Amino acid sequence: MNGKITTLVAIIMILFTTRVTLGLYQINFQGLGHLTNYSKTPAYSLVGTRLYENGTLFLQVSRTAGPDTYGGFIVLIQLLYPNGTVVYQWTGQQLGLLPPNSIKNVYPLHPSEPIKIGNYGVGIEVPLGQNSTIILQLPHPIPAGTYIVKVWDADGQSSAYGSKFQITVKVSS
């Protein structure tokens with residue numbers, strides 16, 4: 001009889017601790033409906049990005065969240081007018097074929113770098129915690145004004161954790 005009571009108490013404790021763990025996780029991430037796992041989605045900050053009249057874009061990318069077991073993969077960078085119309089975009093293939101000197105890494109031991117599969121580029125890998133400046137050149141000069149720089153991850157998202165992977169930049173003459 002004593003072994004059955006011990007087994008019953010153990011099962012009850014396992015169920016209790018599982019419910020407490022999942023409940024606290026959901027409360028912590030404000031998700032009381034279905035289970036959410038925000039740690040699977042990379043997040044980027046573009047603070048410090050600059051655009052110049054000659055068409056040079058200094059894209060300052062910081063990977064601020066997401067899994068640390070693999071990098072975030074930027075597969076599309078768009079330059080937009082404030083109304084959302086695309087001025088120019090760099091596809092994954094173009095990004096994957098950037099020369100190495102186009103990416104300046106703050107932490108060189110874990111570099112952001114173009115990803116190549118065969119002869120085709122597929123984007124830029126950005127490890128968790130990395131701060132990089134990606135230097136891109138438009139094929140033409142750009143008039144003074146306000147623009148939006150938007151980044152897309154390989155999972156098709158341009159936002160996560162309540163923030164968008166975009167920044168408004170001003171080009172002045």
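This note covers the overall make-up of a predicted model and two of its residues, R63 and G72.

1. Ground rules. The model is predicted; local features need pLDDT of at least 70, side-chain atom pairs count only at pLDDT 80 or more, and totals for chains, interfaces and linings use all residues. Residues are numbered from 1 along each chain as its sequence is written, and side-chain values use heavy atoms, without hydrogens and water.

2. Overall make-up. The protein has two helices and 13 strands. These are DSSP runs, numbered from the N terminus: helices are H or I with at least four residues, strands are E with at least two. Of the 173 residues, 36% are buried. Buried means under 20% relative accessible area (1.4 Å probe, protein chains only).

3. R63. This residue lies in strand β3, residues 56-65. R63 is buried, yet it has no salt bridge. A salt bridge needs a side-chain nitrogen of Lys or Arg within 4 Å of a carboxyl oxygen of Asp or Glu. The nearest side chain of opposite charge is D153, at 6.4 Å; Lys and Arg count as positive, Asp and Glu as negative, and His and the chain ends are not counted.

4. What does the side chain of R63 reach at 3.0 Å? The backbone oxygen of V126.

5. G72. Strand β4, residues 72-80, holds G72. G72 is buried, with a relative accessible area of 0%. Leaving aside neighbours within four places in sequence, its contacts (heavy atoms within 4.5 Å) include R63, V126 and D153.

6. Across the chain. G72 and L128 are 56 residues apart along the chain. Their C-alpha atoms are separated by 7.4 Å.

How values were computed:
Buried means under 20% relative accessible area, exposed over 50%, partly exposed in between (1.4 Å probe, protein chains only). A polar contact is a pair of N or O atoms within 3.5 Å; within protein, one must be able to donate a hydrogen and the other to accept it, and residues adjacent in sequence count only if both atoms are side-chain atoms.
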